[in-house]
Structure formats: C-alpha cells, structure tokens
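Subject: Structure for you to look at

Hello,

Here is the structure I said I would pass on. Please open it first, then read the notes below it.

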Amino acid sequence: MNILHIGGSPRGVDGDSHRLSQHVVHCLRTLHPQAQVTERALWETAPAPVDAAYADALASSVPGGEPAMHSDALERSDHLIAELEAADVLVIGTPVHNLT
C-alpha cells in the first residue's frame, strides 16, 4: 500500500490538522505495516504557481507525446501527478477555518 500524506497547515507540524492527519497515517500503518508513506508538506515546498513557461510547455506538446519545450514547473508538476497516481490512499491534512 502506498500512502500519500499531503499537509497544508500554515502552522506546519504544530497545526491541529497536521496532528490529526498524522494520526490517520499512523492508524493506516498499524493496519498495514508494509505501507510506504510519501510526505508532502506544503508549508515546506509549495508547488510553484502556473506561469507562462509552464503554459507554453503544455501548449507545445503533441497529442500523445512529450512537450516540445522544457519547463522546471512542468517537470515538477509531472512528479507531483506521479506521486498522486501511485497512491492507494490519500490523506490530506488541511485546516478548516470557521469565519463566523
């Protein structure tokens, strides 16, 4: 089993959402000791915003082929998509803000 744990708390490891999602991952690993966990902490390395180079690289691809242009953002995006596709379980730790 592959577990992808995405943490999005602005408080990082001190956030309640991170602690809760870590608990979920711990429970999954208790049930599946052989599980592999990929941690993606967005407070450490947030994905780059979509920029012109990324859009140009996407637009330059031929159907069913690779992009004709190189883009670091596109390469990073492909890596993140591969992590998601490889995951059997996705655990997302994100804050919920009550604006009342």
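Start with R40, which sits in strand β2. (Helices, H or I over at least four residues, and strands, E over at least two, are DSSP runs numbered from the N terminus.) At 14% relative accessibility, R40 counts as buried; buried means under 20% relative accessible area, exposed over 50%, and partly exposed in between, with a 1.4 Å probe and protein chains only. Leaving out residues up to four places away in sequence, R40 touches L4, H5, I6, G7, T45, R76, H79, L80 and E83. Contact here means heavy atoms within 4.5 Å.

Before going on, note that this is a predicted model: local features need pLDDT of at least 70, side-chain atom pairs count only at pLDDT 80 or more, and totals for chains, interfaces and linings use all residues. Residues are numbered from 1 along each chain as its sequence is written, and side-chain values use heavy atoms, with hydrogens and water left out.

The whole chain

There are three helices and three strands in the chain, and along the sequence they follow the pattern β-α-β-α-α-β. Of the 100 residues in the chain, 25% are buried. Among contacts with a separation of 6 or more, 69% are between residues 24 or more positions apart. The chain exposes about 7,100 Å², and carbon and sulfur atoms supply 57% of that; the areas come from the Shrake-Rupley method with a 1.4 Å probe, and for residues only the protein chains shown count as cover.

The sheet

In what order do the three strands form the open sheet? The order is β2-β1-β3, with parallel pairing. Two strands pair if DSSP finds at least two bridges between them. β2 (36-41) and β3 (89-93) are at the edges with a single partner strand each, so one side of each has no neighbour in the sheet. On average, neighbouring strands are turned by 15° against each other, direction ignored. (Axes are lines fitted to C-alpha atoms, for helices over the stretch in contact, and angles run from 0 to 180 degrees between N-to-C directions.)

β1 (residues 2-7) pairs with β3 in the parallel sense over five bridges. V89 and V25 are 64 residues apart in sequence, and their C-alpha atoms are 9.6 Å apart in space.

The helices

Helix α1 (residues 16-31) lies across β1, β2 and β3, at about 160° to β3. Its buried residues include S17, H18, S21, V25 and L28. Seen down the axis of α1, the buried residues fall within an arc of 95°, so they line one face of the helix; the arc is that of the directions from the helix axis to the C-beta atoms. Their cover includes β1, β2 and β3. The face of α1 turned away from the buried side carries the exposed residues D16, L20, H26, T30 and L31.

Helix α3 (residues 72-86) also lies across β1, β2 and β3, at about 140° to β2. Its buried residues are A73, L74, S77 and E83, and what covers them includes β1, β2 and α2 (52-59).

Regards
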